[in-house]
Protein chains: 2
Amino acid sequence: MIYQRVALIGLGLIAGSMSLAIRRGGLAGETVGTARSAQTRDTAREIGLCDRIVDTVAEAVAGADLVVLCVPVGAMAAVAAEIGPHLAPGATVTDVGSVKQAVIDAVGPHLPEGVHFVPGHPIAGTEHSGPRAGFPELFDSRWTLLTPLEGGDPEAEAKLRALWEGMGSFVESMDANHHDLVLAVTSHAPHLIAYTMVGVADDLRRVTDSEVIKYSAAGFRDFTRIAASDPTMWRDVFLSNKDATLEILGRFTEELFALQRAIRTGDGEHLHSFFTRTREIRRGIIEAGQDTDAPDFGRRPKSSS
Amino acid sequence: MIYQRVALIGLGLIAGSMSLAIRRGGLAGETVGTARSAQTRDTAREIGLCDRIVDTVAEAVAGADLVVLCVPVGAMAAVAAEIGPHLAPGATVTDVGSVKQAVIDAVGPHLPEGVHFVPGHPIAGTEHSGPRAGFPELFDSRWTLLTPLEGGDPEAEAKLRALWEGMGSFVESMDANHHDLVLAVTSHAPHLIAYTMVGVADDLRRVTDSEVIKYSAAGFRDFTRIAASDPTMWRDVFLSNKDATLEILGRFTEELFALQRAIRTGDGEHLHSFFTRTREIRRGIIEAGQDTDAPDFGRRPKSSS
């Protein structure tokens, strides 16, 4: 047991999975959850997502030695202001936001002296959201990044690291700004690109939606899965990691224009050597255990299983 | 049994899967395969991919009542010129190329009178290639598009349709140019975009390749799977479906710039409503049985299974 009482604020995919993973590992004496919406709280109670579901954040954080903020990045400041006065002395506050510098700026000022703030981000998720979306294996063999503040308490960081490891995750620490740049590459830019492509497909008058759907197995399907992610969460990510996202998109556009020019001028050599290089990264991901080599495009659809 | 003898020219993922699906369904008296590379032919013999593997295309097509061209689009013209003189009278020639108008232009002129040409394209595949990549279920519940020529033989088309249905596929016929536009949306533009994003990630000096690999579960992973597809096949696709691909990429860039501007100006409403709309298409794909609702991002990596 690492913590006596873990308070989960916001009961979506990540908080739900954390609660179930904490239970699986026997990592806390008690988990207490709350959410803004009464419907979410009712669902969480019904499926026994936490040991206790309470109606207010003040109740949730009372006596908790770990408080986890699992709300969209844009809601972090308001929640931090609300819990500030109710935090137990010596408690640790962390979060699971996909952007770190913006969360530090939003949450930091509201936390009282004697409370430890260790921002965090589990690199795991699915395209589903809400209290029913969680499952205890979500973090297994995935990475969680902590972005501890300068002068922060090493013991608080070590305990939080142990919790994530107990939930099955690998853990690494890095600077918040570097985190935001890395995630702009591996997550934020790809999501915006997928959203864009799916939107374009939906817009075309000469190709019907039913054609797009029927023939999606050709590559588009994976874009739609990414573009089915929670809209509020992603709006907040882009608005709060503006600079890094725009920088990566700028590089992306530059490279896309070069490839478009190669297509237009018939430069097959340029295309072939570019496409050969990108195969290497895929191999690295499989070797690192972050995906399987099973041919996913060929997996059996629901109707035939 | 639909055909007496099916000749498969080129022994990659699609030809291999066709041979295995034809065997599964008892759809042909015999399958004969050939490939340009001796190594590919040896592998195909070793694993018994076809009933017979022969060394030349002339031998392969001799006496075949169906000939399937399974080579990259850029190689179609040369192969058609080579088989032309050896085709049996009344035989049907088809192909599996991802682009249709360019294949019609390349292959048509080389086929003698009395041979039926029915171009086709199975919308199925994986990121793997080569003779070992095939599996008999590849086409189950996927769509195959035929783009028959004006004035073509309806009986030849009906037989080919029956073959694809026997291999588990749904079949639809459409005009070649419309096919090329639909595929530019569902396949060609998404592939180029994925290749681009993976190339950009590999290029960035401030983010290491190992970071890109470790944290790929955040969305990037699916791009790398798409960008691991066969470089030669894809070079040929882009060069031979130039106009439609560039048109869709133009629309994509326009939309991407609008979203970038929304990020820069902090227009959360625009982002949120765009991201909400794209969720609908995903639902359609699941309802149409073209993907499962299982949370793919959360699937267990190899190392923990």
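The tour goes from the whole interface to one helix pair and then to individual charged pairs.

Begin by colouring the two chains of this predicted model separately and selecting the residues at their boundary, where 117 residues of chain B are in contact with 117 residues of chain A. Between chain B and chain A an area of about 11,400 Å² is buried, and carbon and sulfur atoms give 67% of that area.

Next, select residues 176-203 in each chain, which show helix α7 of chain A and helix α7 of chain B, with axes that come within 11 Å and cross at roughly 160°. Angles over 145 degrees count as roughly antiparallel, and α7(A) and α7(B) are therefore roughly antiparallel to each other. The crossing of α7(A) and α7(B) is right-handed. Now display the side chains that make this contact, among them A:Val185, A:Pro190 and A:Met197 on α7(A), together with B:Val185, B:Pro190 and B:Met197 on α7(B). What kinds of residue make up the contact of α7(A) with α7(B): nonpolar, polar or charged? The residues there comprise 12 nonpolar, no polar and no charged.

Then turn to the charged side chains, for which the count over all chains comes to 40 salt bridges, with 12 salt bridges found across the interface of chain B and chain A. Select A:Lys214 and B:Glu172, a salt bridge in which the closest N and O atoms are 3.2 Å apart. Finally, select B:Asp222 and A:Arg225, whose closest N and O atoms are 3.1 Å apart in another salt bridge. Because B:Asp222 lies in helix α9 of chain B and A:Arg225 in helix α9 of chain A, the pair joins two chains.

Technical notes. Residues are numbered from 1 along each chain as its sequence is written. Chains are lettered from A and ligands numbered from 1 in the order in which they are written. This is a predicted model: local features need pLDDT of at least 70, side-chain atom pairs count only at pLDDT 80 or more; totals for chains, interfaces and linings use all residues. Side-chain values use heavy atoms; hydrogens and water are left out. Axes are lines fitted to C-alpha atoms, for helices over the stretch in contact, and angles run from 0 to 180 degrees between N-to-C directions. Helices (H or I, at least four residues) and strands (E, at least two) are DSSP runs, numbered from the N terminus. Angles under 35 degrees count as roughly parallel, over 145 as roughly antiparallel, 65 to 115 as roughly perpendicular and the rest as oblique. A crossing is left-handed if the near helix is turned anticlockwise from the far one by less than a right angle, and right-handed if clockwise. Contact means heavy atoms within 4.5 Å. Ala, Val, Leu, Ile, Met, Phe, Trp, Tyr, Cys and Pro count as nonpolar, Asp, Glu, Lys and Arg as charged, and the others, Gly among them, as polar. Buried area is the accessible area (1.4 Å probe) that two parts lose on being put together, summed over both. A salt bridge is a side-chain nitrogen of Lys or Arg within 4 Å of a carboxyl oxygen of Asp or Glu.
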